[in-house]
Amino acid sequence: MDESNPMNQTIIQYQQQIASYAGKLFRDHFGKGPESAVVSIGSKYITVYFRNFLTPSERVLLEQDHEMIVDQMRETLLQTMIPEFASYIEIVTGVKPQEFYYDWSLHNKSGMLIAICPEPIPGGQDVNQDYAGKAELEQEIVNISHQAQKVPEEIVSFEINPRTILIIRNGILVRIEKELIRLGHSELLKSVKRNLEKSYLHNNISFEGILKKRVVDAFVDWKFDSDSSVIVLVLNPAK
């Protein structure tokens, strides 16, 4: 990115402001903020990758094998944070996100927020839809989806930057999952799906060979009402 370009400078400013506000939100809601928050913006997509984030109470719960309680607490607190975060992004960029996804990796003390806007962020660079290994990676995601639930009706993927790949899947819920959602078991279903799919993502030995980059983190979340899901791979280009 050419930082001397005024449009690029605007995006860098957006990223810094959003990262700073994200850190503040975590401190306000959790009592502790992440060590760092890295914001990436491409077209209508914003990702916030936060690192070294685990509160003292969460650490105690994890030591006592209460991971589900930590998940439930984070889910509740993040849901209360999202409206504030969406409003701030609109103030900064002029565009209000339409959808939010989020996930975390407790053993890595990391997490990811993904905002999808109805239109591109002014000044934002286009995403790279022709990155190296795209077809092979999408096929691997299809294979994982088939093992965990079913083959997606649609899959789209792109690089937001060389360190961040975003994958969107549509049409992945099977009938029994839809019935569980209808009966009010969305929270339990998401917890089960998160554990299952992340076991496939974290133990996948093909990603690095396909992308020729080290996979540092992998995140996944769902929107059950729209039958959609996002996966984010965080990469280290210097493999």
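Val38 is partly exposed, with a relative accessible area of 35%. Partly exposed is the range between buried, under 20%, and exposed, over 50%, using a 1.4 Å probe and protein chains only. This is a predicted model, where local features need pLDDT of at least 70, side-chain atom pairs count only at pLDDT 80 or more, and totals for chains, interfaces and linings use all residues. Residues are numbered from 1 along each chain as its sequence is written, and side-chain values use heavy atoms, with hydrogens and water left out.

Where does Val38 sit? Val38 belongs to strand β1, residues 36-42. Strands here are DSSP runs of E, at least two residues, and helices are runs of H or I, at least four, numbered from the N terminus. Leaving aside residues up to four places away in sequence, Val38 touches Thr47, Val48, Tyr49 and Arg51; contact means heavy atoms within 4.5 Å.

Now the sheet. Four strands form an open, antiparallel sheet in the order β1-β2-β4-β3; two strands pair if DSSP finds at least two bridges between them. Because β1 and β3 (99-105) stand at the edges with a single partner strand each, one side of each has no neighbour in the sheet. From one strand to the next, the twist averages 15°.

On to β3. Seven bridges join β3 to β4, residues 110-116, and the two run antiparallel. Phe100 has Ala115 in β4 as its bridge partner.

Last, the helix. Helix α3, residues 67-93, lies across β2 (45-51), β3 and β4, at about 140° to β3. Axes are lines fitted to C-alpha atoms, for helices over the stretch in contact, and angles run from 0 to 180 degrees between N-to-C directions.
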